[in-house]
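Please look over the sequence and the model below. A short report on some of its local features comes after them.

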Amino acid sequence: DWDSGAIVDVNPKACANYGYRRDELLQLTVGDLSSGEEPYTQPQALQRMALAKLDRCPPFEWHRRSRDGRLAWDELHLKPLHIDGRPHILAIARDVTERKAALAALQAREQQYRAIFDGSADAMGLWNGQLRLADVNQAFTRLSGWTREDVIGRPLSERAGEPEVAQRMALIRGALAGVEGRIEAQVPGKGGQRFEVEVRYVPVRFGGEAYALS
């Protein structure tokens with residue numbers, strides 16, 4: 001409803017999502033269907049509706065509560081429209097609970113990866129399928145003197161004049177294909193010095209893609 005924000009009509013999908021019959025939903029307010037935790041309450045919902053009346057409400061996520069008490073997430077679009085000459089607010093809700101859970105799980109894995117990666121005392125680099133450095137840890141920058149900006153996205157082929165580069169490229173390709181490899185090599189520091197290092201190339205998967213961790 002344009003003035004009160006009361007629910008005046010729903011479709012069968014709304015009934016299924018919220019777990020109510022149509023006649024029951026028409027007795028409820030938006031606040032009844034919200035989690036009730038700030039900022040997902042009736043007053044905040046009315047603020048969104050006020051913006052919708054001006055057609056200035058961008059899509060937003062809303063924490064809702066079903067009849068059985070289950071909390072879920074909707075992506076909401078609020079639009080003004082006229083029905084029989086009277087203004088109303090149309091709310092189009094899409095359940096994004098699974099998408100948000102998957103995103104949260106991915107973020108947790110990324111945080112875990114970063115904690116392990118940067119917590120290592122050994123210099124580490126992550127090579128992608130184009131044989132370019134996709135990431136380096138803090139030990140790498142500390143020991144070599146190179147910054148992340150110096151090396152991220154740089155292909156190993158640019159250093160074709162260095163010793164063992166061809167062998168290292170072959171080992172990276174092997175790790176990308178799932179085969180672990182090892183080599184002793186000389187790698188340059190930013191100051192021109194060279195380090196004698198033992199490098200292991202380990203196949204890993206991150207974000208569904210293959211990488212070589214060295």
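The model is a predicted one.

Start with helix α3, which covers residues 42-53. Helix α3 has 12 residues. From its first C-alpha to its last, α3 reaches 16 Å, close to the 16 Å expected at 1.5 Å a residue. Which residues of α3 are buried? They are Gln44, Ala45, Met49 and Ala52. Seen down the axis of α3, these buried residues fall within an arc of 145°, so they line one face of the helix.

Now turn to helix α7, residues 165-176. Helix α7 has 12 residues. Its reach from first C-alpha to last is 16 Å, close to the 16 Å expected at 1.5 Å a residue. The buried residues of α7 are Val165, Arg168, Met169, Ile172 and Ala175. Down the axis of α7, the buried residues fall within an arc of 120°, so they line one face of this helix. What covers them includes β4, β6, β7 and β8, where β8 is residues 209-213.

Each helix is followed by a residue with a positive phi. After α3 comes Asp55, with phi near 60°. After α7 comes Gly178, with phi near 105°.

## A hairpin

How do β6 and β7 run, parallel or antiparallel? Strand β6 (residues 181-188) and strand β7 (residues 194-206) run antiparallel, and 8 bridges join them. Within this pair, Arg182 stands opposite Arg200 in β7. The two strands form a hairpin with 5 residues between them. Gly192 lies in the turn and has a positive phi of about 100°.

## Residues in loops

Several loop residues deserve a look. Asp55 sits in the loop between α3 and β1. Its positive phi of about 60° comes although Asp55 is not a glycine. Is Asp55 buried, partly exposed or exposed? At 48% relative accessibility, Asp55 counts as partly exposed, because the exposed class begins over 50%. Not counting residues up to four places away in sequence, Asp55 touches Lys79 and Pro80. Where does Asp55 stand relative to Ala175? Asp55 and Ala175 are 120 residues apart in sequence and 53 Å apart in space, C-alpha to C-alpha. Ala175 is one of the buried residues of α7.

Leu131 is another residue other than glycine with a positive phi, near 60°. Leu131 is found in the loop between β4 (125-127) and β5 (133-136). Leu131 is buried, with a relative accessible area of 9%.

Ser66 is placed in the loop between β1 (60-65) and β2 (71-83). Its relative accessible area is 5%, so Ser66 is buried. The side chain of Ser66 makes a polar contact with the side chain of Arg64, at 3.2 Å. Leaving aside neighbours within four places in sequence, Ser66 is in contact with Asn17, Tyr18 and Tyr20.

Pro39 lies in the loop between α2 (22-25) and α3. A cis peptide bond joins Glu38 and Pro39, with omega about 0°.

## Cysteines

How many disulfides does a search of the whole structure find? The search finds 0 disulfides. In general, a disulfide is a covalent bond between the sulfur atoms of two cysteines. Cys15 counts as buried at 15% relative accessibility. Cys57 is buried too, with a relative accessible area of 8%.

## Accessibility at a glance

| Residue | Relative accessible area | Class |
|---|---|---|
| Ser66 | 5% | buried |
| Cys57 | 8% | buried |
| Leu131 | 9% | buried |
| Cys15 | 15% | buried |
| Asp55 | 48% | partly exposed |

Definitions and conventions. Residues numbered from 1 in each chain as written. Predicted model: local features only at pLDDT ≥ 70, side-chain atom pairs only at ≥ 80, totals over all residues. Heavy atoms only, no water. Pairing = 2+ DSSP bridges. Helix = DSSP H or I, 4+ residues; strand = E, 2+ residues; numbered from the N terminus. Buried < 20%, exposed > 50% of the residue type's maximum accessible area, 1.4 Å probe, protein only. Polar contact = N/O pair within 3.5 Å; in protein donor to acceptor, adjacent residues only side chain to side chain. Contact = heavy atoms within 4.5 Å. Expected span 1.5 Å × (residues − 1). Arc of directions from axis to C-beta. Disulfide = S-S within 2.5 Å.
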